[in-house]
Amino acid sequence: MLDHKWYEEMEQRIPKGEVRTRFAPSPTGYMHIGNLRTALYTWLIAKHLGGKFILRIEDTDQERFVEGATEIIYNTLRTCRLDWQEGPDVGGPVGPYIQSERRFTYGRYADLLIEKGGAYRCFCKDDEGVVPVTLPNGEVIKKHQCNCCNLTAEEVQARLDAGETAVVRQKIPQEGTTTFSDAIFGEITVPNAELDENVLIKTDGLPTYNFANVIDDHLMGITHVVRGSEYLSSAPKYNLLYQAFGWDIPAYVHCSPVMRDATHKMSKRHGDPSFEDLLREGYLPDAVLNYVALLGWSPGGEQEIFTLEELAEIFDIKNISKSPAVFDIVKLKWMNAEYIKAMSSEAFAAVSAPFIRQAVKNPAIDAAKIAALLQQRTELLTDIPEKIDFFDELPEYSTELYIHKKSKVNEDICLDMLQKIIPALEAVDNWCDETIHDVFMGLVAELGVKTAVVMWPARIAAAGKAVTPGGAVEICSILGKEECLRRMRIGVEKLTNR
């Protein structure tokens with residue numbers, strides 16, 4: 001006999017009267033873009049509707065469990081500021097929030113489902129009971145059909161007492177149809193004859209995903225379930241479980257996949273980046289999140305840059321597309337550059353500092369000043385080191401760099417200019433952008449030449465590169481007087497001995 005009072009107490013724990021969404025990842029590795037989008041949409045629905053966002057770890061697939069994957073989930077959500085109100089680390093009224101810690105619960109609800117006629121114990125081994133079935137449309141499929149569903153309770157118990165092992169399998173009516181409603185795809189009706197009687201509880205007592213997520217969603221009061229469209233085919237079986245238990249069915253939101261191109265899904269196996277990969281490649285978390293929000297959802301209008309708070313305010317399930325979204329790395333790079341440009345100078349200095357210090361080890365050189373040169377010229381943070389490595393050490397360069405036809409300078413003119421620039425800079429006491437600029441402009445006026453005739457040789461001598469963030473004034477200022485003059489003298493020496 002089942003303890004029905006226990007079930008009543010479990011039902012009484014379920015929160016009512018509020019929107020509750022959940023993100024329920026498996027700790028099987030990295031956070032791919034599709035997973036992140038599911039988490040984001042789930043969070044946005046909760047925030048937009050004034051509800052709660054719950055984190056649940058679905059770790060019943062022990063064969064695919066990856067050590068450290070749970071921490072990746074936590075870190076990704078925290079980095080993206082997708083805060084959860086209930087979860088393994090913060091607790092809540094309907095815990096535990098880790099499936100492996102709820103094993104006892106699944107077994108009890110499997111017993112209840114058997115009592116209600118929605119499941120049965122199956123003693124078939126491996127492929128026993130799998131037979132070809134011809135559907136009304138002529139299609140032949142393989143389904144599980146056996147006589148275990150006809151065993152009496154006494155016969156089942158006798159076989160268990162004899163040491164036989166059994167799974168719990170869902171019992172599905174073979175006649176009629178099952179209809180479910182999805183917020184994106186509308187109403188979908190499936191003939192029951194197409195539905196296989198899947199395993200709900202394995203011989204080790206652990207639930208399959210198809211059973212555990214239904215039990216957990218009900219007991220946690222989940223009102224909206226966001227998942228990939230690959231689960232559309234399983235939705236009828238979920239509905240039959242809800243109906244067998246006599247439970248309310250949550251709102252389904254099935255999202256089409258994120259694609260690498262028109263025909264291929266994104267896959268780590270094929271080199272597509274995870275969220276962590278994108279951060280390592282120099283993308284900002286907020287830019288990635290903004291871009292991911294637009295992969296299959298449209299806010300309407302021309303605006304593309306949104307804060308997380310703005311997204312929560314305007315997010316509407318109705319604007320999620322049925323069509324797959326193609327991940328466009330070029331568009332993401334553009335968006336990342338826009339985010340970088342919009343940052344405060346202080347924020348960019350902080351986020352760029354580690355990348356600057358990869359190339360510029362000298363602590364005497366101010367990383368914040370270098371950051372100021374980079375902010376409007378940077379798409380990816382990882383592009384920074386190669387742009388500024390000359391600050392740390394003057395690279396070896398050819399005197400041909402001094403030749404610039406547009407500025408009408410050659411090596412001889414540049415040698416003459418550097419020989420005039422050096423004493424003018426030596427006389428500077430207050431070494432800063434303004435005074436250095438005044439020195440250069442003073443030479444331009446005194447010599448009656450164009451600005452580039454002075455600036456070009458100064459920049460080549462200071463940087464040893466033709467393309468640099470910032471001009472001669474900024475570079476000389478950041479290098480400091482002693483190092484700047486040392487490099488100018490090296491320029492003179494190179495040009496003299498060419």
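Analyst: A pocket here is an open set of points on a 1 Å grid over the protein atoms alone, with protein on both sides within 12 Å along at least five of seven lines, and a lining residue has an atom within 4 Å of a point. The model is predicted, so local features need pLDDT of at least 70 and side-chain atom pairs count only at pLDDT 80 or more, while totals for chains, interfaces and linings use all residues. Residues are numbered from 1 along each chain as its sequence is written, and side-chain values use heavy atoms, with hydrogens and water left out.

Strand E1 (20-23), helix H2 (33-48) and strand E10 (224-228) each supply at least two residues of this lining, helices being DSSP runs of H or I with at least four residues and strands runs of E with at least two, numbered from the N terminus. H2 gives the most, with five residues. By residue type, the lining of the largest pocket divides into 14 nonpolar (Ala, Val, Leu, Ile, Met, Phe, Trp, Tyr, Cys and Pro), eleven charged (Asp, Glu, Lys and Arg) and 14 polar residues (the others, Gly among them).

For context, the second largest pocket has a volume of about 340 Å³. Ile114, Arg121, Thr152, Ala153 and Val156 are the closest to its centre among the 15 residues that line it.

How values were computed
1 Å grid on protein atoms, 1.4 Å probe; cavity = no way out; pocket = protein on both sides within 12 Å on 5 of 7 lines; lining within 4 Å. Points joined across faces, edges and corners; volume = space filled by probe spheres on them.
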